[in-house]
Amino acid sequence: MKRLWLLALAVTLVPGMSAQQRDDTLEVGRLRQEIERRFTNYVQQELDLTPEQTTKLRARQEKFSTRRRSIMIDQRNRRRALEDQMEPGVAANSDSVNKLMDGIRDGRAELLKLEQDQDEEMSKYLTPVQRARYHQMRERFMTRVTEMRMQRGRDRGGYGLDRAPRPGGRRRGI
């Protein structure tokens with residue numbers, strides 16, 4: 001488990017590297033795949049999955065993680081665009097703000113639907129107890145990744161999650 005956290009930390013550090021290093025998307029992809037593989041191995045051990053269950057879980061994780069990543073990137077871009085619209089002292093474009101807020105709400109709905117679809121698929125090959133434990137393990141893992149990203153941002157003198165402070169040292173929030 002400790003090695004899994006170290007790999008997660010490595011992935012959270014990649015966005016903070018120089019532009020030249022960041023362009024190495026193959027390395028980022030490799031690290032992500034390694035983390036996912038190790039997480040699946042950990043899940044397999046903890047939930048005592050059969051080889052068939054493990055194969056199905058890996059395939060579904062790959063399918064859903066690609067879509068989840070895409071939605072989360074879109075959400076991050078919408079939130080940043082909304083923050084830019086809400087610049088203090090500058091009149092925000094109401095139409096843009098409305099579209100961005102609708103997009104953020106729709107993105108949340110997409111993530112919920114994705115989670116429901118994943119859970120429905122997992123119900124075909126995992127027991128209810130295995131599914132519940134899987135969700136707990138995934139939630140703890142994602143919480144830890146978020147904490148590491150926040151800490152990395154604070155260690156760099158920022159606010160975490162790869163967002164630099166606004167001029168004047170203030171960070172706008174919603």
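**View 1. The protein as a whole.** Of the 174 residues in the protein, 30% are buried. The model is predicted. Consider the contacts between residues with a separation of 6 or more: 64% of them join residues 24 or more positions apart.

View 2. Glutamine 61 sits in helix H4. Is glutamine 61 buried or exposed? Its relative accessibility is 13%, under the 20% cut-off, so glutamine 61 counts as buried. Leaving aside residues up to four places away in sequence, glutamine 61 touches Phe39, Thr40 and Tyr134. Take threonine 40 from that list. Threonine 40 is 21 residues from glutamine 61 in sequence. In space, the two C-alpha atoms are 8.7 Å apart. Tyrosine 134 is also on the list. Which parts of glutamine 61 and tyrosine 134 make a polar contact? The side chain of glutamine 61 meets the side chain of tyrosine 134, at 3.0 Å.

**View 3. Serine 65 in helix H4.** Helix H4 covers residues 51–85, and serine 65 lies within it. Serine 65 has 11% relative accessibility and therefore counts as buried. What lies 3.3 Å from a polar atom of the serine 65 side chain? The backbone oxygen of glutamate 62 does.

**View 4. Helix H5 against helix H6.** Helix H5 spans residues 94–122, and helix H6 spans residues 128–155. The two helices pack with their axes 10 Å apart. The angle between them is about 140 degrees. H5 is therefore oblique to H6. The cut-off for roughly antiparallel is over 145 degrees. The crossing of H5 past H6 is right-handed. Which residues make the contact? H5 supplies Gln118, Asp119 and Met122. H6 supplies Arg131, Tyr134 and His135. By class, the residues of this contact are two nonpolar, two polar and two charged.

View 5. Tyr134 of H6 takes part in the contact with H5. The side chain of tyrosine 134 also makes the polar contact with the side chain of glutamine 61, a residue of helix H4.

Notes: Residues numbered from 1 in each chain as written. Predicted model: local features only at pLDDT ≥ 70, side-chain atom pairs only at ≥ 80, totals over all residues. Heavy atoms only, no water. Helix = DSSP H or I, 4+ residues; strand = E, 2+ residues; numbered from the N terminus. Buried < 20%, exposed > 50% of the residue type's maximum accessible area, 1.4 Å probe, protein only. Polar contact = N/O pair within 3.5 Å; in protein donor to acceptor, adjacent residues only side chain to side chain. Axes fitted to C-alpha atoms, helices over the stretch in contact; angles between N-to-C directions. Parallel < 35°, antiparallel > 145°, perpendicular 65-115°, else oblique. Left-handed = near helix turned anticlockwise from the far one by under 90°. Contact = heavy atoms within 4.5 Å. Nonpolar A, V, L, I, M, F, W, Y, C, P; charged D, E, K, R; others polar.
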